[in-house]
Amino acid sequence: MDFGWLEVVIASLLLTLVGGTILTRGRSWLDPVFWKRFAIIGSLVMFVFLWILTFDTLSKTSVGTDRVPNPTVINKRIGYELNAEKGYFTPVILGDEPLFGKTYSEEEATALLVKGKLVIQSRNCMDCHTLLGNGAYYAPDLTKAWLDPKWEKIMIPMTGAKTREEAMVRFLMHPDRYATWTRRMPNLHLSEDEAKAVVAYLKWMSAINTNGFPDHFGNSKLVQLD
Ligand code: HEC
């Protein structure tokens with residue numbers, strides 16, 4: 001379904017008005033029953049709308065839908081382009097790009113992402129970072145961290161890694177060793193497997209269409225994507 005907040009508000013008010021008018025036919029507005037019935041029908045209409053909206057949202061935020069790609073997207077190159085029609089940046093899924101030189105099956109990719117998510121939860125990365133906007137504001141939002149040109153421009157040379165994913169693993173295992181000029185991230189003692197799972201999770205998350213969130217990520221002067 002494709003409707004905006006204005007349609008939802010107008011439709012729920014109209015339904016409340018029509019329903020209330022029918023239920024209170026012949027009653028004066030000074031009669032308490034008049035208001036009672038309007039309150040009941042109003043609550044019922046809102047309940048039904050919230051129910052519909054909840055399922056509508058689930059259909060747009062579940063894995064494998066238009067906006068939230070299947071776990072196997074970690075086998076693809078992920079681009080980030082300005083969508084002229086919408087006026088914000090959206091991820092685009094391009095050709096094959098195996099992660100750590102491997103193409104993952106759907107089960108393997110799912111298991112890796114679940115592990116990455118558990119590592120992120122167990123280390124409380126959200127104490128400092130935000131993921132999809134949730135968390136703390138001490139350190140950068142990680143939603144599009146995979147696409148950050150800093151990996152190619154700063155971290156590959158700094159860590160001596162050959163690929164972006166390898167540079168990310170090295171940084172995640174020893175953030176204290178590869179500090180930049182900004183705030184420092186402490187060493188959270190991630191094993192190599194844990195760091196790899198986190199990188200897979202970050203790659204998958206960067207492919208989610210978040211309506212351009214974080215704002216200006218693609219066109220900020222600090223993160224020029226080329
Ligand atoms: C105590 C706060 C803190 C915690 C906890 C923390 N980080 Fe960080 N993280 C930082 C800071 C500060 C930076 C910026 C470091 C820099 O740019 O040199 C950073 C940078 C990063 C970056 C690079 C982001 C970018 O695009 O520039 C990634 C990826 C990252 N952290 C992942 C994680 C993960 C995954 C966890 C949990 C396992 C985690 N962090 C936990 C503070 C934290």
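View 1. Proline 214 sits in the segment after H6, where helices (H or I, at least four residues) and strands (E, at least two) are DSSP runs numbered from the N terminus. The peptide bond leading from phenylalanine 213 into proline 214 is cis, with omega near -5 degrees. Asparagine 211 also belongs to the segment after H6; although not a glycine, asparagine 211 has a positive phi of about 55 degrees. Asparagine 211 has 11 other C-beta atoms within 10 Å, so it counts as exposed. Here, a residue is buried if 20 or more other C-beta atoms lie within 10 Å of its own, exposed if 12 or fewer, and partly exposed in between, with C-beta atoms placed from the backbone.

A word on reading these views: this is a predicted model, in which local features need pLDDT of at least 70 and side-chain atom pairs count only at pLDDT 80 or more, while totals for chains, interfaces and linings use all residues. Residues are numbered from 1 along each chain as its sequence is written.

**View 2. Two domains and the annotated spans.** The domain assignment, which is automatic or from a database, divides the protein chain into domain 1 (5-61) and domain 2 (71-206). Their C-alpha centres lie 44 Å apart. In an unreviewed entry, UniProt places a "transmembrane region" at residues 6-26 and 38-55; UniProt positions follow the numbering used here, feature names are shortened, and annotations may be inferred rather than shown by experiment. Residues 6-26 are 86% helix and 0% strand, with end C-alpha atoms 31 Å apart. Residues 38-55 are 100% helix and 0% strand, and their end C-alpha atoms are 26 Å apart.

View 3. The ligand is surrounded by 24 residues, and the closest are Cys125, Cys128, Ala139, Thr180 and Met185; a residue is near if its C-beta atom, placed from the backbone, lies within 6 Å. By class, this shell holds 15 nonpolar, 3 polar and 6 charged residues. Ala, Val, Leu, Ile, Met, Phe, Trp, Tyr, Cys and Pro count as nonpolar, Asp, Glu, Lys and Arg as charged, and the others, Gly among them, as polar. From the unreviewed UniProt entry comes the feature "domain: Cytochrome c" at residues 111-206. Residues 111-206 are 49% helix and 4% strand.

View 4. H3 (residues 106-122) has 17 residues and reaches 24 Å from its first C-alpha to its last, close to the 24 Å expected at 1.5 Å a residue; the expected span is 1.5 Å times one less than the number of residues. Its buried residues are Ala109, Leu112, Leu113, Gly116, Val119 and Ile120. Down the axis of H3, these buried residues fall within an arc of 120 degrees, so they line one face of the helix; the arc is that of the directions from the helix axis to the C-beta atoms. Glu107, Gln121 and Ser122 are exposed on the other side of H3.

View 5. In H6, 13 of the 15 residues are buried, leaving the helix mostly covered. Tryptophan 181 is in the loop between helix H5 (164-173) and H6. With 5 other C-beta atoms within 10 Å, tryptophan 181 is exposed.

**View 6. Around strand E4.** Leucine 132 is in the loop between strand E3 (130-131) and E4, and its phi is near 50 degrees, a positive value in a residue other than glycine. Glycine 135 lies in E4 (residues 134-135) and is partly exposed, with 18 other C-beta atoms within 10 Å.
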